[in-house]
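Subject: Structure for you to look at

Hi,

Here is the structure I promised to pass on. Please open it alongside this email, and my notes follow below.

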Amino acid sequence: MSELLLQGGRVIDKSGDRLADVLIGSDGLITEIGKGLKGGKTLDVQGKIISSGFVDLNVYLGGPEDQQSETILSGTESAVKGGYTAVVAIAKDPVVADNASSAAAMIEISQDALCEIIVAGSATLHNDAETMSPLGEISGNGVKLFSASGPPLTGYQTTRRIMEYSQKYGITLLYSCSNSFLSPKGAMNEGAVSSLLGIPGIPKVAEAIEVFQLSQLALLTGASLHFQQISTAKSVEIISEAKSNGASITCEISPHHFSLDESLIASFDARYKVLPPLRTKQEIARVKDLITSFDAIATGHSPCQDHLKHQAYTDAPFGTIGLETALGASIKNLDLPLNEILRLLSWSPAEIAGIAETHGGHLIPGRPANLTVFDPDAAWVAKGTHMASKCSVTAFEDIELKGLVSHTLVDGELVVINGVVQDNKGKGDQN
Amino acid sequence: MTQKHIRSIDDLGQSGIEEILALSDHFHEVSTRRIPKVPALRGKTIALLFYEDSTRTRLSFETAAKRLSADSLNFSIGSSSVKKGESLRDTVETISAMGVDAIVVRHGSVGVPWLLPSWTGAAVINAGDGSHEHPTQALLDCYTIRNHLGELNGKKISIVGDIKHSRVARSNIKAFLALGASVTLVAPKTLMPFNTDDWGVDTTDQFDSVIEDSDVLYMLRMQLERQQSSYVPSLREYANEYGLSDIRTQNMKPKSLIMHPGPMNRGVEVSSNVKEHPKSVINNQVANGVIIRMSALYYLLGSGSETKFESFDDE
């Protein structure tokens, strides 16, 4: 790796916003930030933003048990193309790190990645919410984030005990509040559209009820919680109240939940089938009014084999890919200054993931150069077939976005140049 | 010209419905002939793709196709590669490659008829998609009502029962409203769609409040498994509250109709001899099913113009 100079960009990080050059040393660390720097190979980034790299708290990358939906390589190609320098690989069936060796296996294959992968464990065996997994043993591998699926229908005993037991290890529990207790067959938001289409609905309150219950348990136990993919204003209000009462809680929103509304489902195209479901335009407006209460934008990147998404709507699995559209959807659809969008994409999630020493944060000499360079004004139209993810079905198909990543640097290495992933890791046969 | 489909009553609108009802008068005449068959769709091929068992609807379409001299191909779930796990898309592309002009599809999942046009150039008829729509049922119901009451305009139609899960109700509401009728939905709140604010209908959970005023009582089939999921406490209580009993039929106004899309649960949504009641037109509905499906197929695949009715002549 030779010295590299990013010249003429606008640097935005946690400490603010300034016009400056960034010099990166051959060791991959930031050497200097300032005006009129010289040296190294020069990259002209005039008119572009240089940001601390993005961090996604909610990504499914496949794993040893599932190489068909996504691979570590294809998933992290997708990540770096979207400007991410670190992603959290969540536990999701069938890739569930619920013991020390499965966590170690996942960490092992994560070495093939184009960006940093933080492996999340599963707080319960088989991710079933019934039996606590060996949190201490798994966290011995450095795992500090644990997917904890919602409370089991049988009650909250296990949930409470996980919240209590986990604290010794400095664990943050990740909860997705999409329990199906009110809607066993629910496949979209409950309301006028679901009634018209005859699709079983998922009521908004199902999320709020679960968020309320878990927030109260967090207050009771003192556990550290992160709520994934919050999609209703009521949930945000409940979380804000619990936070103000001292709960250690953070929450994320996914770009599709503030960009796309349920009316798209009238096409019966399963690309719009996500969980939590797309909400109404009115609900999206209410959530956007509360956007500064969020701690992160996370994609919930959920690739699957394309043909599964080409089934009938109610038969197809939930989820959409999202790594390559997050920045564009955020700038296009959030009425926020760039530094606030970057807080949600970069330094705030870096803190939640426990990697603020190397990602996000303040860009200062001596830190690893995990950087994203993007054009905030570039308008482009999303096409699934152009994406690096193995899955080419995206909820953002044909939707116009604003803001496009041109370069991504991971530990000082240019892994994306002019929007093209540089595959130096010896990309194998992807198929 | 873009391919026409009948996936929803919305694909037809008022003018499309009227056109099919007008065609049906001609095909009704055909059905009274000694040989009830015309060469109107000779050379056309119609695929019947049924992912759900439905002997009645499938036979009705098959008979309609035969009476129009079209060839029909039958793909039923039990007897085809569908059972072997072939995807919907692959099945449709395979059928399409055989050269079909129309695909009649029934599927347990909503929206399947909307997916087909991206895989085939054939015209699509929805023979029922999940809880969503069943437009040819609505057409035959409109035809039956018109034949008995003259017109739908200004008539009061009450649809009674499990509206929430009913594709028949969703199509009928649209068709009845398009032809000028007013519609009241009658169901316990558990079986009423969550939100009907924009539907242009009245709703009530009091069956007895609508009986005297209704020109049509349209009784829906009650799925027997609904009581296991606590939609209703018991079928007995449902029958008491929402069943069309003999006493309730006595309160109906003169010249009013009893309808049911079948198959019936005698003793649940209708008392055991309601089908034979003088106001019942349930048998007419079945007979009209073949005629309406002839019209629907001709509407999509025929010349589409009434000036070509010579082709209805006997061979």
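Is H9(B) mostly covered or mostly exposed, and how many of its 20 residues are buried? Before the reply, please keep in mind that this is a predicted model. The helix is mostly covered, with 16 of the 20 residues of H9(B) buried. Helix H9 of chain B runs over residues 282-301, and its first and last C-alpha atoms are 29 Å apart, close to the 28 Å expected at 1.5 Å a residue. There is also a bend of about 30° in H9(B), located at Asn288(B).

Next, the contact between the chains. Chain B contributes 21 residues and chain A contributes 18 residues. On the side of chain B that touches chain A, the elements giving two or more residues are helix H3 (88-97), helix H4 (112-115) and helix H6 (167-178) of chain B. The largest share of that side is from H4(B), with three residues. Sorted by class, the side of chain B that touches chain A holds seven nonpolar, nine polar and five charged residues.

Finally, a sheet in chain A. Three strands form an open sheet in the order S6-S7-S8, with parallel pairing. Strand S6 (54-59) and strand S8 (116-119) of chain A are at the edges with a single partner strand each, so each has one side without a neighbour in the sheet. From one strand to the next, the twist averages 20°. Four bridges join S6(A) and strand S7 (residues 84-89) of chain A in the parallel sense, and Val59(A) has Ala89(A) in S7(A) as its bridge partner.

Best wishes

How values were computed. Residues are numbered from 1 along each chain as its sequence is written. Chains are lettered from A and ligands numbered from 1 in the order in which they are written. This is a predicted model: local features need pLDDT of at least 70, side-chain atom pairs count only at pLDDT 80 or more; totals for chains, interfaces and linings use all residues. Two residues are in contact if their C-beta atoms, placed from the backbone, lie within 7 Å. Ala, Val, Leu, Ile, Met, Phe, Trp, Tyr, Cys and Pro count as nonpolar, Asp, Glu, Lys and Arg as charged, and the others, Gly among them, as polar. Two strands pair if DSSP finds at least two bridges between them. Axes are lines fitted to C-alpha atoms, for helices over the stretch in contact, and angles run from 0 to 180 degrees between N-to-C directions. The expected span of a helix is 1.5 Å times one less than its number of residues. The bend at a residue is the angle between axes fitted to the seven residues ending there and the seven starting there. A residue is buried if 20 or more other C-beta atoms lie within 10 Å of its own, exposed if 12 or fewer, and partly exposed in between; C-beta atoms are placed from the backbone.
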